[in-house]
Amino acid sequence: MFDDFFSRALIAGVGVALIAGPLGCFIVWRRLAYFGDTLSHAALLGVALAFLFEINITLAVFGVSACVSIALLLLQRNATLSSDALLGLLSHSALALGLVVLAFMTWVRIDLMGFLFGDILAVSKLDIAIIWLGGAAVLAILTLIWRPLFAATVNPELAEAEGMNPDRVNMIFMLLMAAVIAIAMKIVGVLLITAMLIIPAATARKFSSSPEQMAILAAAIGALSVVGGLFGSLEWDTPAGPSIVVGALIVFLLSFLAYALKGLTPNVDPSSAPKMPKRKSGHE
Amino acid sequence: MLDQNEPLIALDNCGVYRAKRWLVHDVSLTIRRGEIVTLIGPNGSGKSTTAKMVLSILKPDQGTVRRFSGLQVAYVPQRLSIDWTLPLTVDRFMRLTGKINASEQAKAMAATGVNHLAHAEVRTLSGGEFQRVLLARAIARKPDLLVLDEPVQGVDFSGEIVLYELIKKIRDDLGCGILLISHDLHVVMAATDKVICLNGHMCCSGSPKVVASSAEYKALFGERAASTLAVYEHAHDHTHLPDGRVQHSDGTITDHCHAEDGHHDHDHDVSAKVDSIMPSKGERHV
């Protein structure tokens, strides 16, 4: 099955969706959408540097994304600018630098569109190995730091007071993000990675009552979007990366409809949160 | 097991300096097992900052903190907003920073009267309900040191009495040290072993005298409430000027309070400010 380009695309895309779902939940919970954008824009600089120094693209992208994450952490501690201004600065500087460096290397002929919007149909067996092995490592680390990372997401001070180390798990989380950007870039492209992180997680939110449930659901919804998007792309001859994102958007919109319909039917489960009657303020 | 007499935590002349001013300075306190220490003072007097030094959320810019290693800590923060994007039930929130035995969890939630809310989403709770959930979470952790920052805010008055009694009971059952914060100068617990009055620095500290035994007080509140609520009345011999300087009773002005000024040993009278408060109807089982 690895010999068919379409099967390879499916396997790679589903792999990326399974990693992006759980991490995307943290992006949504922590309101880091712009941070995801910044990292993915920086990825293009990684691509340029990989060509310049003739190193592995995935490694170079991971390196640059990790550097940007750390630069952001340091700037947040010392600078007088707000986080979104800092992110804007880093994001577009890195994107512009990447484009300028690429333009200087006149001897390199690359398909820029492939990096901006992904080139899932040119996925190699090596790419699949990187996605599934790298992805397994990312998910394993995420599982290990799940409790402290989630506690730090709810409230860093509470986590710190009760013996957890929010700074350390935050740093690990940022490195995981850099790894996912590096892994996912080839599939959906620099400009659309954030969509793969956010849209499935946003879709999963309405149907989840626990963080773990939301992470698993986001992974499943992401995988569904990849399959739908790729078949759509094959059917109507549309670019694969954008088609996957459009697939995710359609699932998101359908979920609205499903939720509205579910809301119309009487809810028989008394433990369901939206139906929970508010207690009066008195308690005698 | 921790040594009974060894302080769980000791702050020695600690202070936090931020944005060119001392949020709080020269604070020394110790908390031992089975001891309830209450911090009182007006807004911005450094109560929460002091608590955060105790919790090692903030590193002091002055002084030293000695902390028993391996201390199990539970914290009830003053404010905790749960982002609406977080799918979080009370049940899951109870286990936020560590595994908790299911029966311990049920017992703790029953003690604060929130056991019926286990499956409710945290963001749908009222302020008072959430405060009780936070307290239940802290109890279920079986801490050595419990830090409560305004634990009764948002709780109605009769519930307040129950919660104060519960805090006392936690201390007795778990034998933990408790640091309690209140911005309310008038209502502190009779069970408090030590009261520290902060206003940017330690104004005074000592054990509160329980004088809430007057007949009118008992008549209004009943025996049980009378032993729980008490008023901590202040007779400072110095005033804090708006610019942070200190005016003493003899009219002199200094930059700080000085220990030798003799204002640290003034008496604190405990009496009741009860006129506006209705007695609690029916006692809740705790």
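The model is predicted.

Start with helices α2 and α3 of chain A. Helix α2 covers residues 33–53, and helix α3 covers residues 57–78. The two pack at an angle of about 135 degrees. Their axes lie 7 Å apart. The crossing of α2(A) and α3(A) is right-handed.

Which residues meet here? From α2(A) come A:T38, A:L39, A:A42, A:A43, A:L45, A:G46, A:V47, A:L49 and A:A50. From α3(A) come A:I57, A:A60, A:V61, A:G63, A:V64, A:S65, A:V68 and A:S69. By type, 12 of the residues in this contact are nonpolar and five are polar. No charged residue takes part.

Stay on helix α3 of chain A for A:L74. Is A:L74 buried or exposed? A:L74 has 10 C-beta neighbours inside 10 Å. A residue with 12 or fewer is exposed, so A:L74 counts as exposed. The C-alpha atom of A:L74 is 26 Å from that of A:T143, a residue 69 positions away along the chain.

Now turn to the contact between the chains. Chain A puts in 28 residues and chain B puts in 30. On the chain A side, α1 (5–29), α7 (146–154), α8 (156–161) and α11 (211–236) each supply at least two residues. Helix α8(A) gives the most, with five. This side of chain A holds 12 nonpolar, nine polar and seven charged residues.

Definitions and conventions:
Residues are numbered from 1 along each chain as its sequence is written. Chains are lettered from A and ligands numbered from 1 in the order in which they are written. This is a predicted model: local features need pLDDT of at least 70, side-chain atom pairs count only at pLDDT 80 or more; totals for chains, interfaces and linings use all residues. Axes are lines fitted to C-alpha atoms, for helices over the stretch in contact, and angles run from 0 to 180 degrees between N-to-C directions. Helices (H or I, at least four residues) and strands (E, at least two) are DSSP runs, numbered from the N terminus. A crossing is left-handed if the near helix is turned anticlockwise from the far one by less than a right angle, and right-handed if clockwise. Two residues are in contact if their C-beta atoms, placed from the backbone, lie within 7 Å. Ala, Val, Leu, Ile, Met, Phe, Trp, Tyr, Cys and Pro count as nonpolar, Asp, Glu, Lys and Arg as charged, and the others, Gly among them, as polar. A residue is buried if 20 or more other C-beta atoms lie within 10 Å of its own, exposed if 12 or fewer, and partly exposed in between; C-beta atoms are placed from the backbone.
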